[in-house]
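Here is a short tour to read with the model open beside you.

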Amino acid sequence: ESMKSNTDRSVHITSFIGKTSDPDPLCLLTEFLPCGTLQKFLRGLRNGPIPHWYIDHTRTSSRRLYNNHQVADDLMNILIQITEGAKYLANHEIVHGDISTRNVFIGD
């Protein structure tokens with residue numbers, strides 16, 4: 001279900017643009033989020049390679065080192081944003097049905 005208007009949207013929910021008219025296969029068109037899925041990001045943190053956009057974000061300006069404290073803070077922030085998105089959907093009586101790391105996309 002799409003939102004009734006663009007003014008009634010959350011920054012934590014990907015914008016829905018459209019869908020195919022033929023349901024086989026059904027394809028949805030959403031806004032582009034350049035950093036990929038949370039699943040790919042977490043696998044990169046665990047197994048490598050860590051995405052270049054994230055390494056640039058987490059380096060300290062003086063020592064240019066990977067900052068593990070920043071990673072922990074960012075992961076907590078991601079969890080808070082997912083919760084805010086789910087809360088927004090619930091407040092609009094929308095059931096997502098499949099909130100998983102493969103369905104969480106990371107923007108800029």
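The buried residues of α3 are Val71, Asp74, Ile78, Gly85, Tyr88 and Leu89; buried means under 20% relative accessible area, exposed over 50%, and partly exposed in between, with a 1.4 Å probe and protein chains only. An α-helix has 3.6 residues a turn, so residues three or four places apart point the same way.

α3 has 24 residues and reaches 35 Å from its first C-alpha to its last, close to the 34 Å expected at 1.5 Å a residue. That expected span is 1.5 Å times one less than the number of residues in the helix. Helices (H or I, at least four residues) and strands (E, at least two) are DSSP runs, numbered from the N terminus.

## How to read the model

Please keep in mind that this is a predicted model, in which local features need pLDDT of at least 70 and side-chain atom pairs count only at pLDDT 80 or more, while totals for chains, interfaces and linings use all residues. Residues are numbered from 1 along each chain as its sequence is written, and side-chain values use heavy atoms, with hydrogens and water left out.

## After the helix

Glutamate 93 is found in the segment after α3 (68-91) and counts as exposed, at 73% relative accessibility.

## The chain as a whole

The protein chain has three helices and two strands, in the pattern β-β-α-α-α along the sequence. Of its 108 residues, 20% count as buried. Among contacts (heavy atoms within 4.5 Å) with a separation of 6 or more, 48% are between residues 24 or more positions apart.

The accessible surface of the protein chain comes to about 8,300 Å², of which 54% belongs to carbon and sulfur atoms. Accessible areas come from the Shrake-Rupley method with a 1.4 Å probe; for residues, only the protein chains shown count as cover.

## Strands and the loop between them

Phenylalanine 16 lies in strand β1 (residues 16-19) and is partly exposed, with a relative accessible area of 41%. Between β1 and β2 (28-30) runs a loop that holds proline 25. A cis peptide bond joins aspartate 24 to proline 25, with omega about -5°.
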